[in-house]
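Here is a short report for a reader meeting this structure for the first time. Look over the sequence and the model, then read on.

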Amino acid sequence: MFKVEKPEMINKTFRLPAKLVQELQIVAQDKGVSLNNLVQQCCEYALQELDREE
């Protein structure tokens, strides 16, 4: 049976440099995703690739 799931989300506010936000907005628009979705994917990727042995 199909079950609709809604992941738990938390609202947080982060301050980012204006130039970074502009670049992220361009990439999000080019890829057809929301800015929020792009930032989430970037964070998940960075955490997966992080060298935790430093």
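## Helices and overall form

Helices here are DSSP runs of H or I with at least four residues, and they are numbered from the N terminus. The model is predicted. By that count the protein has 2 helices and 0 strands. Its radius of gyration is 15 Å, well over the 10 Å that the globule rule gives for 54 residues, so the protein is more spread out than a compact globule.

The C-alpha atoms fill a box of roughly 45 × 35 × 20 Å along the principal axes.

## Surface and burial

Buried residues make up 6% of the 54 residues. Buried means under 20% relative accessible area. The protein exposes about 5,900 Å². Carbon and sulfur atoms supply 54% of that area.

## A nonpolar patch

Which residues make the nonpolar surface patch of about 310 Å²? They are Phe14, Leu16 and Leu20. Leucine 20 lies in helix α1, which covers residues 18–31. Leucine 20 has 37% relative accessibility, so it counts as partly exposed. The partly exposed class runs between the 20% limit for buried and the 50% limit for exposed.

## The cysteines

How many disulfides does the count come to? The count comes to 0. Cysteine 42 is in no disulfide, and its nearest cysteine sulfur, that of cysteine 43, is 6.9 Å away. Cysteine 43 is likewise in no disulfide, with the sulfur of cysteine 42 as its nearest, 6.9 Å away.

## Aspartate 51

Where does aspartate 51 lie? Aspartate 51 is in the segment after α2, the helix of residues 35–49. With 47% relative accessibility, aspartate 51 counts as partly exposed.

A polar atom of the aspartate 51 side chain lies 3.2 Å from the backbone nitrogen of glutamate 53. The cut-off for a polar contact is 3.5 Å. Proline 7 is 44 residues from aspartate 51 along the chain. The C-alpha atoms of aspartate 51 and proline 7 are separated by 27 Å.

Note on methods:
Residues numbered from 1 in each chain as written. Predicted model: local features only at pLDDT ≥ 70, side-chain atom pairs only at ≥ 80, totals over all residues. Heavy atoms only, no water. Buried < 20%, exposed > 50% of the residue type's maximum accessible area, 1.4 Å probe, protein only. Polar contact = N/O pair within 3.5 Å; in protein donor to acceptor, adjacent residues only side chain to side chain. Patch = residues over 30% accessible without salt bridge, like charges linked within 9 Å, V, L, I, M, F, W, Y side chains within 5 Å. Areas by Shrake-Rupley, 256 points an atom, 1.4 Å probe, with all protein chains shown as cover. Salt bridge = Lys/Arg side-chain N within 4 Å of Asp/Glu carboxyl O. Disulfide = S-S within 2.5 Å. Rg over C-alpha atoms; globule rule 2.2 N^0.38 Å.
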